[in-house]
Amino acid sequence: MKKIILILFLFSFVTFAQEKKDYSKNVATLDSTIATLYSVISGDKGVKRDWALFKHLFKKDAKLIATGKNPKGETVVRYMSTEDYINTSGNWLVENGFHEVEINRETQVFGNIAHVFTTYEAFKSKDDKEPFMRGINSVQLFNDGKRWWIINIYWTQESDENPIPEVYLSKN
């Protein structure tokens, strides 16, 4: 009986210790929330992502919405939960390396809601000189008085038919 109690105690201690990560600084401001979004999916080939931190950014039932062309050439949207995104993209990010870098941002805030239009470039390695992809993330956020929550991310990649307008490119 003592062994069972000890095992239960150790199991609960390990579980409690794993749940104790403090991510509050990652979501305290709009800037920290967007920076964390980019950093948590970025990493070199073979580097696992912190999916607990990724999920912490999002309000329950938040959506990640990708747009693009399907194999028939039709423009479509794909709605994903955070789990869907992890399951469909997580392995690819680790197997290929992926660094998404913000190059411009347009932010609008009214009360406890915000819309961030953030232009990105994507690289497979930090050493790459040219991005293999660019696009725009439209991020909607909510502040509950304690922190910022991502409600939705809606994005599209740049293409020959749909180049990023100059107004959304880096102003450096």
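Reader: Is E102 buried, partly exposed or exposed?
Author: This is a predicted model. The relative accessibility of E102 is 28%. Buried would need a value under 20% and exposed one over 50%, so E102 counts as partly exposed.

Reader: Which residues are linked with E102 in a network of salt bridges?
Author: E102 forms a salt bridge with R105, with 2.9 Å between the closest N and O atoms. R105 also pairs with D31, where the closest N and O atoms are 2.5 Å apart. The residues linked with E102 in the network are therefore D31 and R105.

Reader: How many residues apart are R105 and D31?
Author: The salt bridge between R105 and D31 links distant parts of the chain. R105 lies in strand β3 (residues 99-110) and D31 in helix α2 (residues 30-41), and their separation is 74 residues.

Reader: Which helices does the salt bridge between E83 and K55 link?
Author: The side chains of E83 and K55 meet at 2.6 Å, N to O. E83 is partly exposed, at 36% relative accessible area, and K55 is partly exposed at 36% as well. The two residues are 28 apart in the chain, with E83 in helix α4 and K55 in helix α3.

Reader: Which backbone nitrogen does the side chain of N143 reach?
Author: N143 belongs to strand β5 (residues 133-143). Beyond its neighbours within four places in sequence, N143 is in contact with N112 and W148. At 2.6 Å, its side chain reaches the backbone nitrogen of G145.

Key:
Residues are numbered from 1 along each chain as its sequence is written. This is a predicted model: local features need pLDDT of at least 70, side-chain atom pairs count only at pLDDT 80 or more; totals for chains, interfaces and linings use all residues. Side-chain values use heavy atoms; hydrogens and water are left out. Helices (H or I, at least four residues) and strands (E, at least two) are DSSP runs, numbered from the N terminus. A polar contact is a pair of N or O atoms within 3.5 Å; within protein, one must be able to donate a hydrogen and the other to accept it, and residues adjacent in sequence count only if both atoms are side-chain atoms. Contact means heavy atoms within 4.5 Å. A salt bridge is a side-chain nitrogen of Lys or Arg within 4 Å of a carboxyl oxygen of Asp or Glu. Buried means under 20% relative accessible area, exposed over 50%, partly exposed in between (1.4 Å probe, protein chains only).
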